[in-house]
Amino acid sequence: MVSTTAAIIASAQRTGGRLLARPGTSGRSPVGGPAHARPALLAILAMAALLFAWDIQHSGYHAFYAQTARSMSESWKGFLFGSFDPGNSITIDKLPGFLWPQALSARIFGFHPWALTLPQVIEGVLSVAVLYRAVRRWAGESAGLLAAGAFALTPAVAGLFRTQAEDPAFTLLVLLAADATLRAARLRPLLAAGIWVGLGFQAKMLEAWAVLPALGLLYVVSAPAVLRRRLAHLAAAGAVCLAVSASWVLLVTLTPAKDRPYVDGTTNNSAISQVVGYNFLTRFSSLGIDAKDTGSVAAQTMAGTVPKGPGAGHAAMQWAKMVGPSLASQVGWLYPAAALAAVCGLVWLRGRPRTDPLRAGFLLWAVWLATYFLVFSAGAVGGHTYYMGVVAVPLAALFGAGTVQFWRAWRNGSGARTWALPVAVVTTVVWSAVVAGQYPTFLPWLAPAAIILGAGALALLTLSRTDGAEGARRRVAVLGLGLAVVAMLGPSAAWAASVLDPAYGHSGMGSAGPVSTWHHHNARQRTLSAPPAAGNAGGKARKSTDGLDEDQQRLLAYTRAHQDGATYLFATTSWRSAAAYILYAGAKVLPMGGFTGAAPTPTGAQFRHLVATGRLRYVVLGGVVTVPGRTNAEWVRAHCIRVPLPTSRLYHCSPRSAAALP
């Protein structure tokens with residue numbers, strides 16, 4: 001590994017230390033580059049595919065998204081609107097774009113956990129390839145290979161593309177936007193970047209727009225056109241981005257409410273409220289925004305995801321979470337090297353022409369990193385590991401280009417710049433030891449090994465500056481460089497490789513190492529603590545092979561046998577109570593209240609109308625009952641008949657009982 005890494009970097013030296021590919025160099029393939037470039041790229045892509053797809057046959061279902069993917073795969077209406085339930089009564093609480101590939105995969109291969117994970121594996125390998133192409137075009141072959149390798153070996157990335165969350169698709173789309181902007185000497189690539197960001201909006205909503213300052217600044221600073229034309233091009237690309245971003249919201253807004261599912265996360269059935277209020281404004285507790293003012297459900301009801309406890313201590317913890325153990329161990333191993341690369345790249349190149357692409361690239365990745373770092377630090381619910389893929393992108397790009405830049409300074413310089421490479425090695429290795437030390441029982445040899453490798457690299461680099469034959473000194477320097485890269489990447493790679501271990505490989509939260517076992521344990525606790533839909537006392541009934549226990553199967557069979565033309569098999573007072581029936585049987589169950597339980601659907605009048613018209617005959621009470629489930633549950637107890645089914649709280653509601661009421 002040391003010799004291969006050193007060969008990648010040394011190629012920059014053999015070409016005169018040139019860091020930037022010639023303007024107009026195609027990014028389609030490494031033709032014309034060093035002989036090792038294509039095999040190295042294929043090896044990196046194969047390594048990424050291995051990390052992302054390993055043990056895919058044992059993938060699990062996401063506790064919320066998998067049900068939606070199944071519902072979307074069973075009807076094109078559900079597919080278009082992102083219905084949580086097969087009856088199309090309510091949407092998922094996010095835009096459904098990230099689930100479209102999963103729903104299509106389920107249609108093609110059947111509904112299996114691996115079929116939902118497969119699109120993310122493909123998106124991950126494509127992300128590595130696109131990052132390589134973007135960095136190669138910007139900073140040369142060696143930088144592109146290093147960036148691609150560093151990205152794939154980031155623990156959060158290794159875990160991210162094994163999940164069914166939103167961020168795999170989102171990360172790929174914003175990477176495509178950056179790649180298009182880096183070659184946007186003309187309008188067409190910039191318009192393509194606007195389309196990619198707009199599609200990223202369909203996957204992650206307003207978070208996709210956080211990349212716009214970096215892309216816009218890159219173009220306005222470095223594009224080879226007069227300022228007026230640059231601004232006009234940005235306006236055109238912005239309009240395209242806005243149009244693509246708003247397409248689903250506009251579709252939902254223009255579709256009559258009776259012809260589509262209710263928009264979850266809102267109190268007014270508005271897609272705008274879902275995107276802007278529920279999924280953005282209420283996530284930033286420091287803004288003090290009342291959810292009622294945004295037409296959205298309060299953030300505090302969102303499954304306990306908002307930390308409680310005001311005060312300076314809480315605020316300090318919130319702003320420090322990006323360097324805290326749980327996130328730093330997943331994405332932050334290269335913080336020192338990337339930060340030094342950004343500073344040196346901007347300072348060392350400040351005298352170059354405005355259109356210099358190398359300096360512009362450092363500006364792009366530095367602004368990208370700073371923006372998302374601040375967004376996730378400020379956000380009250382920015383702590384999920386799978387959010388970190390978009391942070392790993394600029395870290396890897398800066399590491400790749402910065403390492404090549406430091407190597408050039410070491411070989412060619414004699415002043416203060418010579419110290420950049422040793423400083424990067426020392427600070428990154430020491431920081432890695434600190435992060436690894438937060439988990440002393442996991443890979444206890446990791447920190448000492450990184451320190452020994454780093455010390456060996458410094459010794460070899462120092463030896464290469466002593467007197468001796470030029471060829472021998474150069475070989476020693478290359479070996480020292482390879483050892484330095486291994487020392488800096490080794491801890492991250494070791495944590496990323498833990499996804500190959502079944503004990504760490506299926507957290508469902510995009511994490512690796514011991515953090516993944518914590519996430520997996522808590523995910524299981526959240527699932528197991530939810531009262532079973534069939535009223536199973538204590539959850540002790542034996543599980544069958546299809547995922548439903550015997551009591552749930554009995555309830556499902558009874559309601560199907562007595563459905564009598566009803567649209568829904570039964571209604572439940574929470575999504576958790578409905579989840580198993582939707583996930584394992586594709587049953588048309590009505591989950592009152594949506595994900596939070598607080599969405600006002602169906603209202604009391606709507607609920608009674610469903611009963612009166614025969615579209616709903618059965619209701620299962622139990623679980624976490626909130627508004628509107630609580631109100632409707634009271635009506636059910638008063639007007640419906642308890643079905644004597646063992647261990648269930650199933651009620652039969654006659655159309656006659658509801659029709660007589662106002």
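Guide: Begin with charges. Side chains of opposite charge can pair when their charged atoms come close. In this predicted model, D564 forms a salt bridge with R617. Their closest N and O atoms are 3.6 Å apart.

Visitor: Which parts of the chain does the pair of D564 and R617 tie together?

Guide: D564 lies in the loop between α24 (550–561) and β1 (570–572). R617 lies in the loop between α26 (604–612) and β3 (618–620). The pair therefore ties together parts that are 53 residues apart in sequence.

Visitor: Is D564 buried or exposed? And R617, buried or exposed?

Guide: Read the relative accessibility. Under 20% means buried, and over 50% means exposed. D564 has 59%, so D564 counts as exposed. R617 has 16%, so R617 counts as buried.

Visitor: Show me another pair.

Guide: Take E470 and R411, whose side chains meet in a salt bridge at 3.5 Å, N to O. E470 lies in helix α22 (residues 470–496), and R411 in helix α19 (residues 389–412). So this pair ties together parts that are 59 residues apart in sequence. E470 is partly exposed at 45% relative accessibility. R411 is partly exposed too, at 21%. One further pair is D259 with K258, at 3.3 Å between the closest N and O atoms. There, D259 is partly exposed at 35%, while K258 is exposed at 72%.

Visitor: Now the backbone. What should I look for?

Guide: Look for exceptions. Most residues other than glycine have a negative phi, and most peptide bonds are trans. Go back to D564. Its phi is near 55°, a positive value in a residue other than glycine. N88 also has a positive phi, near 60°. N88 sits in the loop between α4 (76–81) and α5 (100–109). At 15% relative accessible area, N88 is buried.

Visitor: Which peptide bond is cis, with omega near -5°?

Guide: The bond from T601 to P602. P602 is in the loop between β2 (589–591) and α26.

Visitor: Which residues of α12 are buried?

Guide: They are R230, H233, A237, C241 and S245. Seen down the axis of α12, the buried residues fall within an arc of 105°, so they line one face of the helix. They pack against α10 (187–204), α11 (212–222) and α13 (247–254). On the other side of α12, R228, R229 and A243 are exposed.

Visitor: How many residues of α7 are buried?

Guide: 12 of the 12, so α7 is largely enclosed by the rest of the structure. Among them are E141, L145, L146 and F151. The 12 residues of α7 (residues 141–152) should span 16 Å, and the end C-alpha atoms are 17 Å apart, which agrees.

Visitor: Now step back to the whole chain. What are the totals?

Guide: The chain has 28 helices and 5 strands. Of its 662 residues, 58% count as buried. The accessible surface comes to about 25,900 Å², and 64% of that belongs to carbon and sulfur atoms. For contacts, take those between residues at least 6 apart in sequence: 72% join residues at least 24 apart.

Conventions: Residues are numbered from 1 along each chain as its sequence is written. This is a predicted model: local features need pLDDT of at least 70, side-chain atom pairs count only at pLDDT 80 or more; totals for chains, interfaces and linings use all residues. Side-chain values use heavy atoms; hydrogens and water are left out. Helices (H or I, at least four residues) and strands (E, at least two) are DSSP runs, numbered from the N terminus. The expected span of a helix is 1.5 Å times one less than its number of residues. Buried means under 20% relative accessible area, exposed over 50%, partly exposed in between (1.4 Å probe, protein chains only). The arc is that of the directions from the helix axis to the C-beta atoms. Contact means heavy atoms within 4.5 Å. Accessible areas come from the Shrake-Rupley method with a 1.4 Å probe; for residues, only the protein chains shown count as cover. A salt bridge is a side-chain nitrogen of Lys or Arg within 4 Å of a carboxyl oxygen of Asp or Glu.
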